[in-house]
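Please keep the structure in view while reading.

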Amino acid sequence: MQLTPRTGARTFTRLLTGLLTGLALTAGALAAPAQAHAASPYERGPDPTDALLEASRGPFSVATQSVSSLVLGFGGGEIYYPTDTSQGTFGAIAISPGYTARWSSLDWLGPRIASHGFVVIGIETNTLYDQPASRGRQLLAALDYLVEDSSLTIRSRIDPDRLAVAGHSMGGGGSLEAADDRPSLQAAVPIAPWNSDKSWPAVQVPTMITGGESDSIAPVSTHAQLFYESIPSSAEKAYLELNGASHFFPQTTNTTMAKSMVAWLKRFVDDDTRYEQFLCPPPGGLAIEEYRHTCPSS
Ligand code: 856
């Protein structure tokens, strides 16, 4: 009577071990062909869906911290960061507003992007009238601030090798300047970009340009399209033109732009190929007037 339960337990353990081994082998055999590429070590968050990218927030909770206007190199601003510390570091992106505009003109983008697992700094510029080259330098100064001088809460969350820039109008022109000046950036997202320099043949940074079909301040024919075509096709690039959109489309929530922008950042800042499906084949639908791309292959 004493041996029976012990023998029973041992038999059960052996059975269970055999069963688990069998399951593991089966799972391994099934998973092996599907796992053609190793997953990026920078993947953060669940497998993406259309619904996840179209929602007003991603899966991460976000907190904020203000940056003083007295900081050197740019005009201060607002940092948005994921509160989660359990999944490793995050990439970081600096975003500049346009001529005469403050960060508040774009601030819906802060929590939206950060909640997908990025540290975001929305900058104020030194003056409201700074030109694109200056905005480019200020974007890079803001990234340097994040990596080197921000509070430990922020710094400890950032991977200094996975940085990106974006901006609207002259801020978008600035993001091209920053990409041109710092090829180690992992992504650039110029939004309705304005720049008097039309040609960017030295840009190597993966760049997604968004333009508005009805933009009369930075018409796509003389800005976004020329910038896109001048970037060599050896660089990953995409051009998203929004149907009927004016110069000011990024100043209110724009789901089409946000969806592509987050996918671009995930794909190139996090090397997360789970997001490739939202870039290639390119997105379609009534909101998109035109899309050009190099179709990144994983
Ligand atoms: C919001 C850029 C000659 O250039 C212009 O007239 C011009 C106007 C506005 C902007 C811009 O950045 O707008 C964004 O202020 C160029």
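## The shell around the ligand

The model is a predicted one. The members of this shell include Gly98, Tyr99, Thr100 and Ala101. Also among them are His168, Ser169, Met170, Trp194, Ile217, His247, Phe248 and Gln251.

A side-chain N or O atom of Ser169 lies 2.4 Å from an oxygen atom of the ligand. For Trp194, a side-chain N or O atom is 3.4 Å from a ligand oxygen. Met170 takes part through its backbone: a polar backbone atom of Met170 is 3.2 Å from an oxygen atom of the ligand. The ligand taken alone exposes 400 Å², and the protein buries 71% of that area.

Nine strands form an open sheet with mixed pairing, in the order 1-2-4-3-5-6-7-8-9. Strand 1 (62–67) and strand 9 (288–293) are the edge strands, each pairing on one side only. On average, neighbouring strands of this sheet are turned by 15° against each other, direction ignored.

Strands of a sheet pair through backbone hydrogen bonds, in either a parallel or an antiparallel manner. Strand 7 (residues 207–212) pairs with strand 8 (residues 237–242) in the parallel sense, over six bridges. Within this pairing, Met208 has Ala238 of strand 8 as its bridge partner.

## A helix across the sheet

Helix 8 (residues 255–269) lies across several strands, including strand 3 (90–96), strand 4 (118–123) and strand 5 (158–168). Helix 8 runs at about 165° to strand 6 (187–191).

Methods
Residues are numbered from 1 along each chain as its sequence is written. This is a predicted model: local features need pLDDT of at least 70, side-chain atom pairs count only at pLDDT 80 or more; totals for chains, interfaces and linings use all residues. Side-chain values use heavy atoms; hydrogens and water are left out. A residue is near a molecule or strand if one of its heavy atoms lies within 4 Å of it. A polar contact is a pair of N or O atoms within 3.5 Å; within protein, one must be able to donate a hydrogen and the other to accept it, and residues adjacent in sequence count only if both atoms are side-chain atoms. Accessible areas come from the Shrake-Rupley method with a 1.4 Å probe; for residues, only the protein chains shown count as cover. Two strands pair if DSSP finds at least two bridges between them. Helices (H or I, at least four residues) and strands (E, at least two) are DSSP runs, numbered from the N terminus. Axes are lines fitted to C-alpha atoms, for helices over the stretch in contact, and angles run from 0 to 180 degrees between N-to-C directions. Contact means heavy atoms within 4.5 Å.
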